[in-house]
Amino acid sequence: MPSRRSALTLLAGAGAALALGTPAAQARPAHARPFGRHGSPSRRLDALTLYVDPLGRGDHTDVRSAVEAASGTGHTLVLAPGTYRGPVLVDAARAELTVIGASGDPRDTVIVHDNAAGTPRPDGSGPHGTSGSATVTVQAAGFTARDVTFANDWLRSDNPEYTGTQAVAIKVQGDRSAFHGCRFLGHQDTLYADSLALTAFARQYYRDCYVEGDVDFVFGRATAVFDRCHFRTLNRTDLAAAPYGFVFAPSTAGANPRGYLVLRSRVTSTAPDTYYQLARPWVPSSDLTAHPMLTVRDSHLGAGIDAVTPYGTMSAGFPWQDQRFAEYRNTGPGARVTVPGNRPQLTASEARAHTPADWLGDWHPRA
């Protein structure tokens, strides 16, 4: 059997192994322009643009040091193709930061690490916890990423002694955070779309993105729009029966009128048919007043989603039926309404208030 990290390069989005790169990207000749159309250290687009290249042709060889150098507001980091290993924090002081994968193909540019919630911290102070497991944490407002892969390649099958198996690829907390053409790879808790505080209704926009995982792999309390995205549920060999997991686990604050909006998207699977549920509500112990919200509309739900019971309950005291879950004009075998009581549907009038404009307000993320 190949090692975990060698297997990652073989195949995109299939089975249990995450695909972090492509042979074409790895074979890119050293003399190629590593920053494409985005300039270079000798042809810098502006004073706020920094170049990152693992082969040393930029200002920095790793993303973490580049972020630390981008103090203040409005910097751009251009990442040459390569795999950048190690955790990255974009703190609140680095507002309006833009990160660009130079090749235009997110498979070429990967930020990855392998901490899990149960992984011990190096200082011996205990495990990382779910938030601490994140490969990338974004606290700054106005963050934008284009054509980048964010991944966590920790595997529960390699660590059967751990009970904390959450392994976050990215935790996004800042308002006006936008991701275009990005990939998010992991298993449990891949994409943590959250906010900085219960009273902070962080708006996030994901366009033409790919997200894969198994348990609650899109979760948190952000006001998030997923537009034309692809969600991929993974097969599992550690479970003998369904359900294998859940795509969404929103934890929307009770005072927030808008949680997750999924539109013009699709859900596919590498697992057996009907082995996944679409969502379950997360009411965390830190906020028992949470009122999770999810709208999925105008999307294709593949056969991997259980059409009879598409929603589950995480905590007995907070059944999914009491939450703000709704669908509208979805298609595919996973969207069939076989038990009407299990598929809450918006009316056409209600659906007019479930749009990106309603979710994002005065913020208009650039295409």
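Student: How many disulfides does the structure hold?

Tutor: This is a predicted model. A disulfide needs two cysteine sulfur atoms within 2.5 Å. The sulfur nearest to that of Cys209 belongs to Cys229 and is 4.7 Å away, and Cys209 is in no disulfide. The number of disulfides in the structure is 0.

Student: Is Cys229 buried or exposed?

Tutor: Cys229 is likewise in no disulfide, with the sulfur of Cys209 at 4.7 Å. A residue counts as buried under 20% relative accessible area. Cys209 has 3% and is buried. Cys229 has 2% relative accessibility, so Cys229 is buried.

Student: Which strands are the edge strands of the open sheet of 8 strands?

Tutor: The strand order in this sheet is β3-β6-β9-β12-β15-β18-β21-β24, and the pairing is parallel. An edge strand here pairs on one side only. The two edge strands are β3 (82–85) and β24 (300–301).

Student: Which residue in β12 is the bridge partner of Thr149?

Tutor: Strand β9 covers residues 149–152, and strand β12 covers residues 183–185. The two pair in the parallel sense over 3 bridges. Thr149 has as its bridge partner in β12 the residue Arg183.

Student: How many residues are in the largest nonpolar core?

Tutor: The members that touch the most others are Phe150, Phe179, Phe184, Tyr206, Phe226, Phe231 and Phe248. Phe184, leaving aside residues up to four places away in sequence, touches residues including Phe150, Phe179, Tyr206 and Cys209. Another core, of 9 residues, lies apart and has Val225, Leu261, Leu360 and Trp363 among them. The largest nonpolar core has 61 residues.

How values were computed: Residues numbered from 1 in each chain as written. Predicted model: local features only at pLDDT ≥ 70, side-chain atom pairs only at ≥ 80, totals over all residues. Heavy atoms only, no water. Buried < 20%, exposed > 50% of the residue type's maximum accessible area, 1.4 Å probe, protein only. Pairing = 2+ DSSP bridges. Helix = DSSP H or I, 4+ residues; strand = E, 2+ residues; numbered from the N terminus. Core = buried A, V, L, I, M, F, W, Y, C linked by side-chain atoms within 4.5 Å. Contact = heavy atoms within 4.5 Å.
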